[in-house]
Amino acid sequence: MRRIPLIGALTGTVVALSLTACGGGDGGTAKSGAQAGALEGRGPITFVTGKDRSGYLQKQVDGWNAGHANEQVRVIELPDEPNDQRQQMIQNATTKSDAYAVLNLDVVWTAEFAANRWLVPLPKDQVGLDAMLPATVATGQYRDKLYAVPSTSDAGMLYYRKDLLDKAGVAAPPKTYAEMWAACDKVGKLPEGKGVDCFFTEVNKTESLTISAVEAIESAGGTIIGADGRPTVNTPEARKGVEFLAGAQKDGRMPKAAVTLDTEGGRRHFQSGKLLFQRQWPYQYGLAEKDDGSSKVAGKFAVAPLPGPNGPGASNLGGHNLAVSAFAKNKASALDFIKYLTGAESQKANLLATSQAPTNAALYDDPEMVKKFPYLPVLKQAIGSAKPRPVVVKYGDVTAAIQGSMYDAVQGRTPVDQALADLQGKLGPLTTQ
Amino acid sequence: MTATFSKKSPAPAPAAAGGPRESRRRGDAGGRRMAALLLSPTLLVLALVVGYPVLAGLRESLYVRGEGLDADGFVVEGDRFAGLGNYTAIFSGDRASAFWNAFGNTTFFTLTTVVLETLIGVGMALIMHQAFRGRALVRASILVPWAIPTAISGLLWRWIFQADGAANAVIRQQVLWTADGWPAKFAVVIAEVWKTSPFIGLLVLAGLQMIPREVNEAARVDGASALQRFWWITLPLVKPALLVAVLFRMMDVLRMFDLPAVLIGVNQRSVETLTMIAWFEASNLRYGSAAAYATILFGYIALIAYLFVKILGADIIGDARAATRQRKTERRKKATP
């Protein structure tokens, strides 16, 4: 009898075990602050990235390897989930392992990685920033120093059913929310408009909700974290932004099931022909244009910049940046490889092969590209006016707090005022410097 | 036979003869030393893979690190001993409500799923135990859910529970199962019960097959009804196996993570369990706080397991010990004549 609790103890240990396994080996205190000017060393390096779904990355790396016999690049593929990628990169950094050299970072991780001294500052004048869209360059910076070079970008656009708008006599896509609602009402009166939802932006409790909230608030002229690094969600602008989201859900402009739809769920909804306006990433364009029967809206839709309360809205930036790990051995080779991957030629080839949005500004005006990807001019405009998500070191906590408060506000569980007051209170301690 | 036996090894002979207490006691000291020696590699491995991580986790839970930023925006380095600070922080302010919410969810899931699983599992075992045509097929199909990895079954159920999914088509209602709220709790319970009832069924089936047929037949001859036979014969005899199964399930559910994380998502109040909070803390680089949550969960699981064993008398090791002792004496009895 006495021994039984041991079993419970052993089982419980598994939990403790799994946690200590991640927390373990970083008892070190003084990290050798690898600072600027330390980009030395040539030799083989690794390129650490999320799962490459296109299969094209290896070809690009082969192109580099062919010309650099002594600086071979090996690709290390991490899991598909962004959070798992971040975990593995952090584990690698906390053990100061030199296994990872070039890191493919999500735009929102820059601050956290830079503040923890896991990245080396990069020389701004050597990586061809002039050719890139300024909004994307901002995502690679922390406290005015460049830590990561933008390689791909992403921004939300308004997908709309051109055929239905034409039929309802709406000549141009809406620039304001009011115009959008008016267009919905007109389409709703058509026989084809029966059962078609008006608008959808992602409001399920994930990172997507943070993006929707930032877009709504920035479109209304507000911010979540101000220029001084302090939370600013107690402003009238922030309130106006969130009221748009909450109102759209409450008034039935958005489908009732919106709180359960993720990015792919939204795509299915649009492709089924049951949605008039949708805020979505560029990747949907090619998929919704497929005429193999998977999309009922092929050839019937177009894209426009996001609307706002009084004029065009502000989109939010996605995408990835390339950075050099502070613990890598061959940092000079790593920098050269980043220059190669973010160069105009590689970006063009990558756009053609994977349709990932480039950061090189000229590609958006290239007639050959625009012919193949008709949404590029709109996307350029969207990225040009896009705002980044909050730049904070504790991004994981900040986004969780935003999601919690916004979800309650959108669902109508708490009044917008109160949700924002709560959020302001929660963000305060998370952003203290 | 007996002659060679006693010539080869004189030691077991007195024990076999009926076990005079003195000789056994004399041999105890040496035997124990030998036992300790033989067990030492196992104990060493256990100390390394279980003991050390537990202690390291406890130590970690007393420290904090990376709290603030310096003037240049870098995280201040180094550990700071915080005493019980990580623990008291869990029970203060905003985090207290998050903790009690997760504690409540964990307990709710444990109670509901284990009760349902036990009922359904025993039912499954009784069906699998019957002799009928196509029994192998039924047995195999009952075991399918258990064979599917949790993450995959989470995805399957997510698909079923989506707004335009199969679940809503069947009940002809628009229930938002995967939104944060009560339906999400039920979605998790349903998926969990579906997945793990076969586990209880399997263990109980093993228990059922150990019950001698004569006992049941004798009861039938005495005129006991099917229900009476189940209640007075089958259930008491299958109880040891059932209790082990339930104990395992309880400890499993108490540290549930993957199913709600895949099916509903992380950071969802309605399904957040204690392990999920610990995971969230760890993934935001607060290892001390994560270790504190894990330690609290560890204590909770140990307490539940202890109470369960105390109240229901699931003497798991004791049963096994009694069984081996009995088998030994039987073997001896057979050997001596």
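Helices and strands here are DSSP runs, a helix having at least four residues and a strand at least two, numbered from the N terminus. By that count, chain B holds 15 helices and two strands. The model is a predicted one.

## Chain B overall

Chain B has 337 residues, and 30% of them are buried.

Two packed helices are described by the angle between their axes and the distance between the axes.

| Helix pair (chain B) | Angle between axes | Distance between axes | Crossing |
|---|---|---|---|
| Helix 13 (274-283) and helix 14 (287-312) | about 165° | 7 Å | left-handed |
| Helix 5 (93-129) and helix 9 (182-210) | roughly 45° | within 6 Å | right-handed |
| Helix 11 (226-254) and helix 14 | roughly 160° | within 10 Å | right-handed |

Take helices 13 and 14 of chain B. Their axes pack at about 165° and lie 7 Å apart. Angles over 145 degrees count as roughly antiparallel, so helix 13 of chain B is roughly antiparallel to helix 14 of chain B. Helix 13 of chain B contributes Leu274(B), Thr275(B), Ile277(B), Ala278(B), Glu281(B) and Ala282(B) to the contact. From helix 14 of chain B come Tyr287(B), Ser289(B), Ala290(B), Tyr293(B), Ala294(B) and Leu297(B). By class, the residues of this contact are nine nonpolar, two polar and one charged.

Helix 14 of chain B also packs with helix 11 of chain B. Here the axes cross at roughly 160° and come within 10 Å. Helix 11 of chain B is therefore roughly antiparallel to helix 14 of chain B. The crossing of helix 11 of chain B with helix 14 of chain B is right-handed. On the helix 11 side of chain B, the residues are Leu243(B), Leu247(B), Met250(B), Met251(B) and Leu254(B). They meet Tyr300(B), Ile301(B), Ile304(B), Ala305(B), Phe308(B) and Leu312(B) of helix 14 of chain B. This contact has 11 nonpolar residues, with no polar and no charged ones.

Helices 5 and 9 of chain B form another pair. Their axes cross at roughly 45° and come within 6 Å. That angle makes helix 5 of chain B oblique to helix 9 of chain B. The crossing is right-handed. The residues of the contact of helix 5 with helix 9 in chain B divide into 16 nonpolar, eight polar and three charged.

## Two leucines of chain B

Leu62(B) sits in the loop between helix 3 (21-60) and strand 1 (63-65) of chain B. Leu62(B) has 18 C-beta neighbours inside 10 Å, so it counts as partly exposed. Beyond its neighbours within four places in sequence, Leu62(B) is in contact with Phe81(B), Ala82(B) and Gly83(B). Leu62(B) and Tyr287(B) are 225 residues apart in sequence, yet 10.0 Å apart in space, C-alpha to C-alpha.

Leu155(B) belongs to helix 7 (residues 150-161) of chain B. Leu155(B) is also partly exposed, because 14 C-beta neighbours lie inside 10 Å. Leu155(B) and Phe91(B) are 64 residues apart in sequence and 34 Å apart in space, C-alpha to C-alpha.

## Domains of chain A

Chain A is divided into domain 1 (40-154 + 318-384) and domain 2 (157-316 + 390-430). The C-alpha centres of the two domains of chain A lie 28 Å apart. At their boundary, 14 residues of domain 1 of chain A are in contact with 14 residues of domain 2 of chain A. On the domain 1 side of chain A, helix 4 (110-115) and helix 15 (376-384) each supply at least two residues. Helix 15 of chain A gives the largest share of that side, four residues. By class, the domain 1 side of chain A has nine nonpolar, three polar and two charged residues.

## Positive phi in chain A

Most residues other than glycine have a negative phi. Which residues of chain A have a positive phi without being glycine? Arg117(A) is one, with a phi of about 65°. Ser355(A) is another, with phi near 55°.

Arg117(A) lies in the loop between helix 4 and helix 5 (134-138) of chain A. With 18 C-beta neighbours inside 10 Å, Arg117(A) counts as partly exposed. Ser355(A) is in the loop between helix 13 (344-354) and strand 12 (357-358) of chain A. Ser355(A) has 16 C-beta neighbours inside 10 Å and so counts as partly exposed.

Conventions
Residues numbered from 1 in each chain as written. Chains lettered and ligands numbered in written order. Predicted model: local features only at pLDDT ≥ 70, side-chain atom pairs only at ≥ 80, totals over all residues. Axes fitted to C-alpha atoms, helices over the stretch in contact; angles between N-to-C directions. Parallel < 35°, antiparallel > 145°, perpendicular 65-115°, else oblique. Left-handed = near helix turned anticlockwise from the far one by under 90°. Contact = placed C-beta atoms within 7 Å. Nonpolar A, V, L, I, M, F, W, Y, C, P; charged D, E, K, R; others polar. Domains from an automatic or database assignment. Buried ≥ 20, exposed ≤ 12 C-beta atoms within 10 Å, placed from the backbone.
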